Amino acid sequence: MSKSVRKVLEEARETGNPELDLQDKQITSLEEIPGLLTLENITRLSLPHNRLTRVPPAIANLINLEILNLFNNVIEELPTSISSLNKLRILNVGMNRLDALPRGFGSFPVLEVLDITYNNIAEGEALPGNFFMLESLRALYMGDNDFEVLSPEIKNMKNLQILSLRDNDLIALPREIGELTRLRELHVQGNRLQVLPPEIGQLDLLGNRCCLRLESNPWLPMIADQLLLGQSHVMDLLRNESYKFLYQKHMGGGSQPPPKNFEAKNRKISRKRESA
């Protein structure tokens with residue numbers, strides 16, 4: 001354990017400070033920090049830009065933890081016990097090497113912000129069965145992963161305000177996204193999308209505090225043309241009865257999705273290597 005880490009821990013114990021900042025301390029294992037995982041008063045633990053390869057099951061001992069930041073490490077898996085952190089509101093595990101989330105991950109009762117950006121997670125068995133039961137979630141960042149599809153169960157995240165799916169391999173979006181009536185930001189740029197569900201046209205995504213990102217997709221001409229005119233024209237198109245008919249025909253016609261953008265994937269891999 002380095003002197004700087006020891007100093008942070010000693011100060012935390014002496015002052016009762018519930019927030020620990022251990023950013024960029026060359027930490028490779030939490031077990032190498034004696035007493036860290038017994039500090040039950042800790043509410044915020046920041047460990048970004050370290051060299052952690054795993055998160056020990058004993059992380060569950062930090063029963064008052066509200067914010068856990070593990071951004072930019074080399075973590076390959078998370079323990080199932082992490083979901084027993086009943087007070088956790090913000091979890092950032094972006095820029096790691098995760099290819100799946102642990103069983104039971106969707107049982108966080110008050111989680112509001114989840115960032116799994118820059119990993120290797122794909123739909124299917126990579127997400128636990130209860131993942132979309134995170135009803136308290138307000139912001140979900142899943143960009144720069146390997147998703148080709150998104151489950152219709154996304155509709156269960158009824159409090160979602162921000163959904164970032166940028167730079168994946170998505171070939172379609174579920175119509176159920178239209179049921180997320182509180183959604184104010186939708187980022188789907190850099191995928192393989194050709195059409196959008198008409199239901200998205202009913203969402204409020206064009207206000208002053210809203211954000212809709214659609215660029216860098218191989219849109220069919222009817223969407224691409226409207227996008228050139230502006231996002232409001234795209235939203236108008238989605239509400240058009242003729243578009244609804246064409247959308248249904250396209251989705252039922254078994255149209256082949258465009259090939260994966262290997263150039264984009266290589267850029268993603270390069271960014272990960274540069275940050276390692």
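Residues are numbered from 1 along each chain as its sequence is written, and side-chain values use heavy atoms, with hydrogens and water left out. Because the model is predicted, local features need pLDDT of at least 70 and side-chain atom pairs count only at pLDDT 80 or more, while totals for chains, interfaces and linings use all residues.

Secondary structure was taken from DSSP runs numbered from the N terminus, with helices (H or I) of at least four residues and strands (E) of at least two; two strands are treated as paired if DSSP finds at least two bridges between them. On this basis, nine strands make up an open sheet with parallel pairing, and their order is β1-β2-β3-β4-β5-β6-β7-β8-β9. The edges of the sheet are formed by β1 (19–21) and β9 (211–213), each of which pairs on one side only. From one strand to the next the twist averages 5 degrees, where axes are lines fitted to C-alpha atoms, for helices over the stretch in contact, and angles run from 0 to 180 degrees between N-to-C directions. Strand β8 (residues 185–187) is joined to β9 by three bridges in the parallel sense, and Arg 213 in β9 is the bridge partner of His 187.

The structure holds zero disulfides, a disulfide being a pair of cysteine sulfur atoms within 2.5 Å. Cys 210 is in no disulfide, and the nearest cysteine sulfur, that of Cys 211, is 8.8 Å away. Accessibility was classed as buried under 20% relative accessible area, exposed over 50% and partly exposed in between (1.4 Å probe, protein chains only). With a relative accessible area of 18%, Cys 210 is buried, whereas Cys 211 counts as partly exposed at 21%.

Aromatic rings of Phe, Tyr and Trp (its six-membered ring) were paired if their centres lie within 6.5 Å, with planes under 30 degrees apart counted as stacked, over 60 as edge-to-face and the rest as tilted. The count by this rule comes to four aromatic pairs. One of them, between Phe 105 and Phe 131, is stacked, with 6.3 Å centre to centre and 20 degrees between the planes. This pair links distant parts of the chain, 26 residues apart, since Phe 105 lies in the loop between β4 (90–92) and β5 (113–115) and Phe 131 in the loop between β5 and β6 (139–141). Phe 105 is buried at a relative accessible area of 0%, and Phe 131 likewise counts as buried at 0%. Ring pairs link Phe 105, Phe 108, Phe 131 and Phe 132 into a cluster.

A tilted pair is formed by Tyr 243 and Tyr 247, with 6.2 Å centre to centre and 35 degrees between the planes. Both tyrosines lie in helix α4 (residues 241–252), four residues apart, about one turn of the helix, and both are buried.

In helix α3 (residues 231–238), the buried residues are Val 234, Met 235, Leu 237 and Leu 238. Seen down the axis of α3, these buried residues fall within an arc of 155 degrees, so they line one face of the helix; the arc is that of the directions from the helix axis to the C-beta atoms. The buried residues of α3 pack against β9, α2 (221–229) and α4, contact meaning heavy atoms within 4.5 Å.
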